[in-house]
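Me: I have a structure on screen and want to learn to read it. Can we go through it feature by feature?

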Amino acid sequence: MAPELLLLSVAGYTAGALAALAFRGMVGRALVAAGALGGSLATLALGAWCLATGATLVFAAPWLPLTGFALRADSLSAFFLIVVGLAAAAASLYGFGYSAHYDGRYSLRLLGAMFNVLLLSLTVQVLADNALTFLVTWEVMSLSAYFLVLTEHDQAGTVRAANWYLGVTHAGFAALIAAFLVLAAGDMTGSFAAMRSVGLTPGTRNLVFLLALVGFGTKAGVIPLHVWLPMAHPVAPSHVSAVLSGVVIKMGVYGLMRVTLDLLGGGPAWWGGIVLGLGAVSALLGVLYALMEHDLKRLLAYHSVENMGIILLGVGAGLMFQSYGLPALATLGFIAGLYHTLNHACFKGLLFLGAGSVQYATKTRNMEDLGGLIKRMPRTAACFLVGAAAISALPPLNGFASEWLVFQTLMGGALVPRPEVAIGMPIAVAMLALSSGLAVACFVKAFGITFLALPRSTDAARAREVPASMQVGMLLLVGMCVALGVTPFLVVPALSRALAGLGRIPVTPIGFSLHLPFSVAGVTGEMSPLLLAVGLALLGVLTAIVLRLLADRRLRVGDTWGCGRIGQTPRMEYTATAFAEPLRRVFAELYRPTEDLSIDFHPKSKYFVRSIAYRSEVQPWFERLLYTPVLSALRGAAARVRQVQAGSLHLYLAYLTIALLVLLVVARWSR
Amino acid sequence: MLLFLKILKAGIVTEPLAPGEPDVIEVAREVETKARRLLGRAVAIREVDAGSCNGCEIEITGLTGPVYDSERFGIHFVASPRHADLLLVTGPVTRNMEIPLLKTYEATPDPKIVVAVGDCARTCGVFRGSYAVVGSVDAVIPVDVFVSGCPPEPTDILRGILTALDRLPKRKRRRDGT
Amino acid sequence: MTADLMMAAAQGLLALFLAPGVVGLVRWLKARLQNRRGAPPWQPYRELRKLFQKEVVVSRHASWLFHLAPFVVFASTLAVAVIVPVLAVPLLVDRIGDLLVVVYLLLLGTFFLALAGLDPGSAFGGMGASREVTVAALAEPTLAVAIFALARSAGSTNLGEIAARTTADPLSAVSPGHLLAFAALFIVMLAETGRLPVDNPATHLELTMIHEAMVLEYSGRYLALIEWAAALKFLVFFILLGNLFVPWGLARALTLEAVMTAVGVFAVKVVVLAVAVAVLETRVAKLRLFRVPELLSASFVLALLAVTSSFLLR
């Protein structure tokens with residue numbers, strides 16, 4: 001059945017891509033969405049089937065005129081297929097309605113085709129079984145994403161963002177090529193199985209690990225390789241942003257796990273330590289920068305950096321415990337990381353779709369111009385609220401379940417009797433806790449300023465609820481956020497199967513029941529999000545009933561209390577800037593904010609103010625510190641290289657001759 | 001440490017309910033029984049300065065101090081009319097405070113009572129006829145009780161609050177809604 | 001099983017109905033320390049009863065979220081009260097949630113309350129919400145690391161387990177790790193429940209408010225729910241401080257005698273903690289908002305020392 005499912009999904013994506021080129025308007029959009037939806041559902045089914053049966057499948061397509069193309073689905077691939085399928089299905093549905101407003105303005109053909117190509121490449125990516133397949137699909141994925149980012153090419157900043165993305169992603173790609181060249185000893189079509197068995201010296205292994213970390217880190221948006229992410233993700237069409245943030249950056253996690261855990265089979269403790277450290281820093285800095293953002297989608301993009309950090313905390317802890325010979329805790333760490341990967345795909349996908357709906361309805365992403373949307377777009381607001389609560393790790397939603405596991409893993413560090421772990425782990429726990437606390441603050445701001453109170457602009461005041469297809473896309477992910485949140489007792493065993501399939505860590509039998517207790521030597525903790533959800537609902541309803549019976553029922557609608565002022569206008573509301581102000585002052589060392597205040601007084605008296613202009617910006621100082629030298633070196637090198645290209649035909653002929661001669665000599669020599 | 005020694009030495013300075021100044025005690029007792037009957041002995045007061053000279057405010061502040069200690073009767077001041085049961089209005093209502101006063105009244109949930117404190121609140125006092133003054137408090141919102149005095153003593157204010165509590169509609173009827 | 005669940009329900013209800021009294025007790029103690037007579041400790045019950053009988057006034061700009069928030073806040077806090085060990089350990093409800101669940105459930109309430117503060121569009125509400133989430137976020141690392149310290153010595157984050165391990169090993173209760181974690185959690189309690197020196201529960205000045213500013217818009221039964229939940233949160237922290245760090249007196253078996261002893265000991269613990277808070281609130285002045293992070297980082301350092309000391313001194 002599995003090969004048919006794979007064919008079906010490839011066929012779906014291909015049909016969608018072709019339909020985008022062939023049809024226009026509504027029909028084109030519908031066919032693109034149908035193709036992508038069909039393909040992603042088939043992907044989902046394939047992943048679920050592989051994971052359920054535990055089978056490892058090798059896909060052979062001898063009738064394809066492709067040599068060196070190898071596909072294989074093992075349990076880890078299966079898990080990531082599920083992640084791809086889930087987010088892609090919701091995004092495709094949503095994309096049908098969302099891309100309507102692009103009709104006539106931007107190229108729907110390119111958007112539809114590239115969207116399907118991206119999904120196709122994602123599906124094939126996780127199935128790749130040799131270096132060549134892996135790298136080719138990696139590049140197809142990056143390039144299709146590049147074109148998708150460029151969709152709104154005439155908007156300010158889009159081209160710049162796309163260029164940054166292209167540059168950074170290719171730097172990472174270079175590192176990946178190098179990593180695989182070393183790993184495969186030059187044989188790019190040799191299967192992964194061969195790489196697993198090859199014995200490398202510790203030095204080479206470390207080199208491969210570091211190269212892979214850089215390569216996959218750029219894709220995952222790990223600080224300090226994240227700069228492109230908050231630029232590129234917001235400018236893409238929102239359903240594409242959902243896939244980019246929900247799935248594409250997860251390929252970094254997939255690649256890292258595939259290479260370090262599967263191909264290299266784990267390494268010394270400092271590998272895990274580095275991943276853990278990067279994760280902790282990304283989690284904290286990601287959310288801190290998100291707090292200062294007033295562009296709704298940029299805020300979400302920074303939260304992707306944060307959540308990748310949380311995932312890497314789990315994965316890094318897993319790698320670390322594996323090298324310390326604590327397989328149970330290692331399993332737990334990897335499970336936590338994978339669980340959060342799946343969860344993040346759901347809630348971040350949902351939030352980007354919600355932000356897209358806001359943009360669709362109001363034509364702005366600037367939170368300072370929004371407000372009051374909860375009354376104009378109640379369903380979008382409710383969906384966004386669920387996503388916001390989930391990403392803030394509030395029980396009983398899915399973000400909490402996986403963050404709880406990450407916490408438990410890190411606390412398991414108490415079992416490692418080494419001083420650096422004993423001091424490092426509490427700090428990692430603290431950074432994770434601080435970032436999740438700040439995430440709550442950030443999403444109170446994101447939801448509160450965007451959806452609550454009075455609209456701050458006429459566009460926001462005129463907003464209407466979005467079309468049904470967009471709502472369905474969001475609702476699908478809302479369902480997943482709730483379902484994944486209350487059923488860890490089903491998800492965690494499935495994830496442990498996904499890990500067991502790799503055969504790299506002896507999977508210890510961990511008893512999972514309705515309660516999700518895990519008993520790993522020395523550390524235990526129990527919780528049951530399902531009972532918690534039921535309990536919360538029960539207590540809430542009970543309170544409402546008791547109140548209805550015993551308390552006064554009168555309710556009067558009046559003005560908002562504002563110390564008796566005459567009217568209420570949006571100008572009296574708290575702004576996003578004001579909301580984040582206390583935290584900006586607390587973390588002023590990091591932000592180094594610049595402030596610019598100009599007041600226009602009335603000519604007669606300075607007690608009457610005509611207008612106040614306030615600007616404040618946060619300095620991304622450490623990005624500048626890191627990237628400015630690199631960029632200036634690049635520019636310098638480029639200027640020098642330019643001298644070679646003088647525009648003289650004679651010179652070019654000379655180059656050609658020299659090149660030919662050199663090649664001949666080399667060919668003669670190497671024979 | 002020194003602070004706590006001092007606290008210990010000073011003892012309770014609140015006027016006792018037992019024999020003493022008959023005036024205060026009588027009022028206090030009455031407030032106690034009435035407040036218990038009418039508002040479950042928990043009265044939240046929102047103070048509105050509608051334009052007073054702040055003489056009345058100083059007396060009102062005395063209510064919360066250790067000597068009069070209105071908190072012992074369950075009377076306390078709150079920060080929002082939404083939390084209040086009783087509005088304590090002082091001063092003649094100035095033009096600038098007319099709408100805020102009305103808004104405060106509207107913002108207070110039922111059942112609510114209004115006590116106007118001081119001579120100005122009733123007659124505008126020396127401010128009568130000023131271009132800046134709208135009129136007495138009852139020209140703007142319905143007043144249940146006036147407390148005379150310029151300024152009235154805390155005891156008088158307590159008595160005013162007590163009288164106003166008397167005018168609260170009975171709870172049974174309130175329950176049905178209006 | 002049945003007795004177990006009934007005990008859980010009973011201690012949840014006990015906490016629920018005791019909570020306003022604890023707030024009243026602290027207020028009464030503070031009044032005494034100010035040389036006032038003060039309202040009796042049961043005054044908050046009267047206030048709640050009155051609020052339940054009052055009308056609700058809602059802003060015309062508020063949405064359904066404003067009506068939902070009090071229930072979420074109340075239910076989540078009540079759920080915490082059911083989970084935490086008030087009188088007996090171990091109970092089955094222990095397995096519904098551990099210490100981390102307790103922290104995040106409280107955060108759930110904060111999340112909704114802050115949103116409700118923003119909902120009517122008042123500047124006060126926004127200000128309160130902004131400050132509340134700031135303080136909550138900055139208190140989070142201390143909480144997590146203090147939990148780590150407890151989990152490290154008990155080998156579990158389960159509340160019942162922590163209490164049981166400390167009872168089994170009385171010396172651990174006076175270990176430096178425990179004492180430091182206690183101090184850290186005590187400071188966090190002051191911050192999270194809006195006590196001095198972080199927030200003044202008796203303030204009338206909007207510009208200095210944190211918690212109060214968020215609920216300025218609430219009235220009647222909604223306000224009652226929120227106030228009750230706030231009192232319950234206060235008591236929950238008392239329970240955590242009293243029963244996790246000094247778990248003696250908790251009923252180990254569900255016999256009448258054991259439970260009665262537990263009630264008595266629990267009452268003593270609550271009174272001791274209430275006196276501590278009242279004395280502290282009399283002694284200290286409110287900190288400027290931007291000094292609060294310093295206090296919280298001090299508590300974080302205490303918590304970090306608590307974890308590392310239990311490693312270093314092992």
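Me: At roughly what angle do the axes of helix α2 (residues 43–52) of chain C and α9(C) cross?

Reply: Start with the ground rules. This is a predicted model, where local features need pLDDT of at least 70, side-chain atom pairs count only at pLDDT 80 or more, and totals for chains, interfaces and linings use all residues. Residues are numbered from 1 along each chain as its sequence is written, while chains are lettered from A and ligands numbered from 1 in the order in which they are written.
Next, the terms. Helices (H or I, at least four residues) and strands (E, at least two) are DSSP runs, numbered from the N terminus. Axes are lines fitted to C-alpha atoms, for helices over the stretch in contact, and angles run from 0 to 180 degrees between N-to-C directions.
Now the case. The axes of α2(C) and α9(C) cross at roughly 150° and come within 7 Å. That makes the two helices roughly antiparallel (under 35 degrees is roughly parallel, over 145 roughly antiparallel, 65 to 115 roughly perpendicular, the rest oblique).

Me: Which residues of α2(C) meet α9(C)?

Reply: Two residues are in contact if their C-beta atoms, placed from the backbone, lie within 7 Å. From α2(C) come C:Pro44, C:Leu48, C:Leu51 and C:Phe52. Their partners in α9(C) include C:Leu223, C:Trp228 and C:Ala231. By class, this contact has 8 nonpolar, 1 polar and 2 charged residues. Ala, Val, Leu, Ile, Met, Phe, Trp, Tyr, Cys and Pro count as nonpolar, Asp, Glu, Lys and Arg as charged, and the others, Gly among them, as polar.

Me: How far apart are the axes of α7 (residues 176–192) and α9 (residues 220–245) of chain C?

Reply: They are 10 Å apart, and the helices pack at an angle of about 170°. So α7(C) and α9(C) are roughly antiparallel. C:Phe182, C:Leu185 and C:Phe186 are among the α7(C) residues in this contact. C:Phe237, C:Leu240, C:Leu241 and C:Phe245 face them from α9(C). The classes here are 8 nonpolar, 1 polar and 1 charged.

Me: Now sheets. In what order do the 5 strands of the open sheet in chain B come?

Reply: Strands of a sheet pair through backbone hydrogen bonds, either parallel or antiparallel. Two strands pair if DSSP finds at least two bridges between them. The order in chain B is β2-β1-β3-β5-β7, with parallel pairing. β2 (75–77) and β7 (145–147) of chain B stand at the edges with a single partner strand each, so one side of each has no neighbour in the sheet. The twist averages 30° from one strand to the next. Inspect one pair: β3 (residues 86–90) and β5 (residues 113–117) of chain B share 5 bridges. There, B:Thr90 has B:Val117 as its bridge partner.

Me: Do β6(A) and β7(A) run parallel or antiparallel?

Reply: Antiparallel, with 8 bridges between β6(A) and β7 (residues 609–617) of chain A. A:Phe601 is bridged to A:Val609.

Me: How many residues of chain A are in contact with chain C?

Reply: 70 residues of chain A touch 73 of chain C. α18(A) gives the largest share of the chain A side, 15 residues. That side divides into 46 nonpolar, 16 polar and 8 charged residues. A:Arg556 has C:Val57 as its bridge partner.
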